[in-house]
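Subject: Structure for your review

Dear colleague,

Please find below the structure that I am handing over to you, with its sequence.

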Amino acid sequence: MSAHSPFPADFLWGVATSAYQIEGSPLADGAGPSIWHEFAHTPGRVHHNETGDVACDHYHRYRDDVALMRELGLNAYRFSVSWSRALPEGRGPINRRGLDFYERLVDALLKQGIQPMLTLYHWDLPAALDRLGGWLNPDSANWFADYAQILFLALDDRVKLWITLNEPWVVVNGGYLHGALAPGQRNPYAAPIAAHNLLRAHAAAVQAYRAEGQHQIGLVVNLEPKYPATETVEDLNATIRADADFNRHYLDPVFLGSYPPELAEIFGATWPTFPDSDLDFIHQPLDFLGINYYSRQVVRHDPNVWPLAAAKVRQDRQTHTGLDWEVYPQGLTDILEWVASRYGSLPLYITENGAAFYDPPQADGEMNDPLRRRYLHDHLRAALAAQQNGVNLHGYFAWSLLDNFEWAHGYSQRFGLIHVDYATQQRTFKASARFYAEVIRSHGATLFAGNAGK
Ligand code: FCB
């Protein structure tokens, strides 16, 4: 550890993953199917009809993967629990063997001095609950709180950082509004209701945690600063709408107790009236907020884009990742500072940040991924800039430990610091992994060493 490091001594250096994306064996040991299992097995939904049936086989190789984390020098690891492993039907009888997997994983992490950060919901709703309406059913908040409570009772003695939901915006936008993600609905009436029930579910789990838990609980949102393409009133208003939809839809109710007024304008007749008592319930103090940051958006008015009437203007001169996301580190500084100024100084974590790039195979077995390494370097510097401007930042989790199942893109997009050969399950450190290990070893000092990240 360097004496010159600008990072706080207790800073968490982590990586993040999620259950369906890495585990494989989704039905093993009595687990029930999730909506992602069913979606991936529906022809035409995922690139090349790929599924999470095997993925990184982490369900069997978790000990080796924890050893890789140890080699990276991580002191934290963010993962998610598959609800339908713990409760095959989503509610009702507990599947002990499913829970046991996470107990073994947590114990393996702790043995290596790696602090677990556990996400309760990273998109894989039990299929049995989807048949009851999923997040459209008002009972979903209670289903979720009951499931959360089972996990609290099983693991709160060992897990100190809990997350209710991962990225409710994506759950709603992909799952209920545009249909590109499970459960694949495309319904403007459904979207605001699903969003509201997710917020109620989050609050119900927080409430259950206050009764059962001894440590900390928070929410993870994906944020993307929106910048107007021009200074015209149309573009400025489109930018405000995009910001309301993406960045404030979930945070305003949680931290301020109200929805952004622009949502009623965006959703028009499909925007319901929600009871004040629900908003009071949703507005509960959190111990921390997790922010997933990948890119920004430059926005212009476009009446043909439903329902936002706002479109992204591609920044052709900038570097873009495999998913065509612009690389824009300054956006991370901006969004962290925006959160701190709008919602107050609660502890923040960057719970995901990373990039998909094509990693050319190297003849000598070295995997050189200069763009990802550069991405990591520049975003860590951007995070630090915010922290030095007073943002209460406690940790950084790179997405992702391993190449994995990137939802509707299947295995076509590689986000890993560690390469996975899916034919053999062999793991190989990329140069970005070695760079991150060096950042951690030097507690960030390496970020200031001359040509780092080049
Ligand atoms: C985030 C998801 C994560 C992964 C990254 C690339 O939106 O939380 O599972 O797919 O994007």
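Predicted model: local features only at pLDDT ≥ 70, side-chain atom pairs only at ≥ 80, totals over all residues.

The ligand

The residues that surround the ligand are Q21, H122, W123, N166, E167, Y294, E352, W399, E406, W407 and F415. Sorted by class, this shell is made up of five nonpolar, three polar and three charged residues.

Several of these residues place polar side-chain atoms by oxygen atoms of the ligand. For E167, an N or O atom of the side chain is 2.5 Å from a ligand oxygen. In the case of E406, the distance between a side-chain N or O atom and an oxygen atom of the ligand is 2.7 Å. Q21 likewise has a polar side-chain atom that lies 2.7 Å from an oxygen of the ligand. On its own, the ligand has 290 Å² of accessible area, and the protein covers 95% of this.

The largest pocket

The ligand takes up space that belongs to the largest pocket. The volume of this pocket is about 1100 Å³. It is lined by 44 residues, of which W169, V170, N173, F246 and W325 are the closest to its centre. Two or more lining residues come from each of helix 8 (168-177), strand 5 (216-223), helix 10 (233-256), helix 11 (262-267), strand 7 (288-293) and strand 9 (310-312). Helix 8 gives the largest share of the lining, with five residues. In terms of class, the lining of the largest pocket comprises 25 nonpolar, eleven polar and eight charged residues.

The second largest pocket

The second largest pocket has a volume of about 250 Å³. Among the 14 residues that line it, those closest to its centre are Y358, D359, M367, R414 and H419. Strand 12 (418-421) and strand 13 (426-429) each contribute at least two residues to this lining. The lining of the second largest pocket consists of five nonpolar, six polar and three charged residues.

With kind regards

Conventions. Residues numbered from 1 in each chain as written. Heavy atoms only, no water. Near = heavy atom within 4 Å. Polar contact = N/O pair within 3.5 Å; in protein donor to acceptor, adjacent residues only side chain to side chain. Areas by Shrake-Rupley, 256 points an atom, 1.4 Å probe, with all protein chains shown as cover. 1 Å grid on protein atoms, 1.4 Å probe; cavity = no way out; pocket = protein on both sides within 12 Å on 5 of 7 lines; lining within 4 Å. Sits in = over half its atoms within 2 Å of the grid points. Nonpolar A, V, L, I, M, F, W, Y, C, P; charged D, E, K, R; others polar. Points joined across faces, edges and corners; volume = space filled by probe spheres on them. Helix = DSSP H or I, 4+ residues; strand = E, 2+ residues; numbered from the N terminus.
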